[in-house]
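Please look over the sequence and the model shown here. A short report on selected features comes after it.

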Amino acid sequence: MPISSVHPEYEQKIRRMRFVRDMCSDEMTVKDKGERYLPAAFAKEEPERYEAYLKRAYFFGVTNKTLRDMVGAAFRKPASYEMPDALLPLVDNFDGAGNSIESVNKSGVSNLLQAGRHCILVDYPSVEDGMTAEQEARLNLMPYAAEYTAEALDNWSHELIFGREMLTMVKLVEYAKVPIDEFSHELKKTYRVLRLRSPEEASEIFGGAFGDYVYTQALYDEAGKALTEEYIPKKASSSARGVGVPFNYIPFFVADLDQIPLMDIAVVNLAHYQVSADYRENLHTHGQQTLGIRTSMSWEQFQTANPDGIKVGATKGHFLGESGGFETTSAPESSSLNKALDDLQKQMESMGAKLMTEGGEKTAEEARINASSQTSALDMVVSLWDSVVNAALKACAEYKAVDSDLV
């Protein structure tokens with residue numbers, strides 16, 4: 001199979017993820033998608049009418065507002081951390097790019113709400129074999145937790161090892177900046193492949209004897225050509241002799257939900273957008289008066305008397321001849337469309353509230369019985385992401401070869 005092959009589950013979910021992310025964006029982003037989100041029977045035959053129809057439509061960004069409210073609610077109090085002094089620098093630079101652990105946490109919760117999945121890869125700067133713990137300390141090397149979106153994780157596999165289901169392969173899509181000149185660059189797609197090699201495979205690839213499974217990495221281009229040799233990321237040296245050992249698992253952690261929390265509200269948000277387009281089209285069409293003229297003049301006489309045609313307005317006058325007259329009429333707006341908009345807006349507000357709270361008072365017994373099913377989506381997301389960050393911090397502790405007593 002080519003390296004571009006993706007997991008069947010990825011193919012099923014990617015459209016849903018992109019849809020919710022679009023609904024979490026702004027009006028211009030949604031309108032730029034055109035007929036994907038605002039189909040119309042006349043779009044191809046009457047492009048000018050469709051352009052006006054699109055411009056009049058109103059995208060009410062409730063999904064985005066709900067997202068921001070939920071992230072704000074989750075972080076209304078800052079998180080607290082208890083960890084060894086050796087790991088404290090991670091609080092201010094968790095991802096190796098200068099983003100604090102608080103910033104990465106907000107990103108993780110936000111991405112989980114939009115895509116139902118978010119990932120962390122714990123890594124460590126490459127060091128020369130044999131470098132001692134003292135030498136590494138002088139370089140101030142720290143592990144880091146790199147974020148990967150759900151879209152970046154496009155293939156993976158698990159195997160049962162010693163009675164546990166473990167990740168044995170992860171393929172991540174990355175984009176490298178390739179300079180064109182001093183002022184511009186292009187993005188080149190690459191694949192980072194993480195593998196868990198058996199002792200036999202590791203011995204065959206790297207030589208020597210291995211007593212346990214070994215975690216490896218390699219980088220490939222779009223055609224599957226290796227950009228780096230497969231290598232073994234090692235933990236920091238744990239003694240003056242410079243003993244850095246491999247991981248016996250892939251330090252890649254996935255927060256995964258069965259359903260995208262914001263999916264339902266995004267669907268209603270799209271319906272509101274589409275109904276708003278019909279409503280505003282209806283107002284535009286029926287809000288304009290239709291002019292009807294009666295006259296005893298022939299068509300030729302009428303044209304001679306009114307060489308500029310008929311123009312509506314208080315400052316315009318027209319000669320209609322003997323017994324001439326005119327009438328204006330306009331059709332009433334559609335009240336059903338207006339009501340549909342109002343109903344959809346109320347539905348979105350209700351759905352957003354339910355995502356954040358159980359709602360309603362319960363007796364202690366009712367709360368006990370319904371605890372597992374009534375937990376809000378926000379509680380579930382925060383709890384799941386908390387477990388992923390804890391696992392990532394423990395892997396960081398392993399990389400630094402320090403006590404992993406973390407809270």
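## Basis

This is a predicted model: local features need pLDDT of at least 70, side-chain atom pairs count only at pLDDT 80 or more, and totals for chains, interfaces and linings use all residues. Residues are numbered from 1 along each chain as its sequence is written, and side-chain values use heavy atoms, with hydrogens and water left out.

## The sheet

Four strands make an open sheet in the order β3-β4-β5-β6, with antiparallel pairing. β3 (153-161) and β6 (214-221) are the edge strands; each has a single partner, so one side of each lacks a neighbour in the sheet. From one strand to the next, the twist averages 25°. Helices (H or I, at least four residues) and strands (E, at least two) are DSSP runs, numbered from the N terminus. Two strands pair if DSSP finds at least two bridges between them.

β5 (residues 185-197) pairs with β6 over eight bridges, in the antiparallel sense. Arg 195 has Thr 216 in β6 as its bridge partner. Helix α8 (residues 199-206) lies across β5 and β6, at about 125° to β5. Axes are lines fitted to C-alpha atoms, for helices over the stretch in contact, and angles run from 0 to 180 degrees between N-to-C directions. Contact means heavy atoms within 4.5 Å.

## Asp 95

Asp 95 sits in the loop between α5 (89-92) and α6 (101-115). Asp 95 is buried, at 13% relative accessible area. Buried means under 20%, exposed over 50%, partly exposed in between (1.4 Å probe, protein chains only).

The side chain of Asp 95 has a polar atom 2.9 Å from the backbone nitrogen of Ala 97. A polar contact of 2.7 Å links the side chains of Asp 95 and Asn 99. Such a contact is a pair of N or O atoms within 3.5 Å; within protein, one must be able to donate a hydrogen and the other to accept it, and residues adjacent in sequence count only if both atoms are side-chain atoms. Beyond its neighbours within four places in sequence, Asp 95 is in contact with Val 104, Tyr 144 and Ala 145.

## Aromatic pairs

The whole structure has twelve aromatic pairs. Phe 42 and Tyr 53 form an edge-to-face pair, 5.3 Å centre to centre with 75° between the planes. Rings of Phe, Tyr and Trp (its six-membered ring) pair if their centres lie within 6.5 Å; planes under 30 degrees apart count as stacked, over 60 as edge-to-face and the rest as tilted.

## Cysteines

The structure holds zero disulfides (pairs of cysteine sulfur atoms within 2.5 Å). Cys 119 is buried, at 0% relative accessible area. Cys 396 is buried, at 0%.
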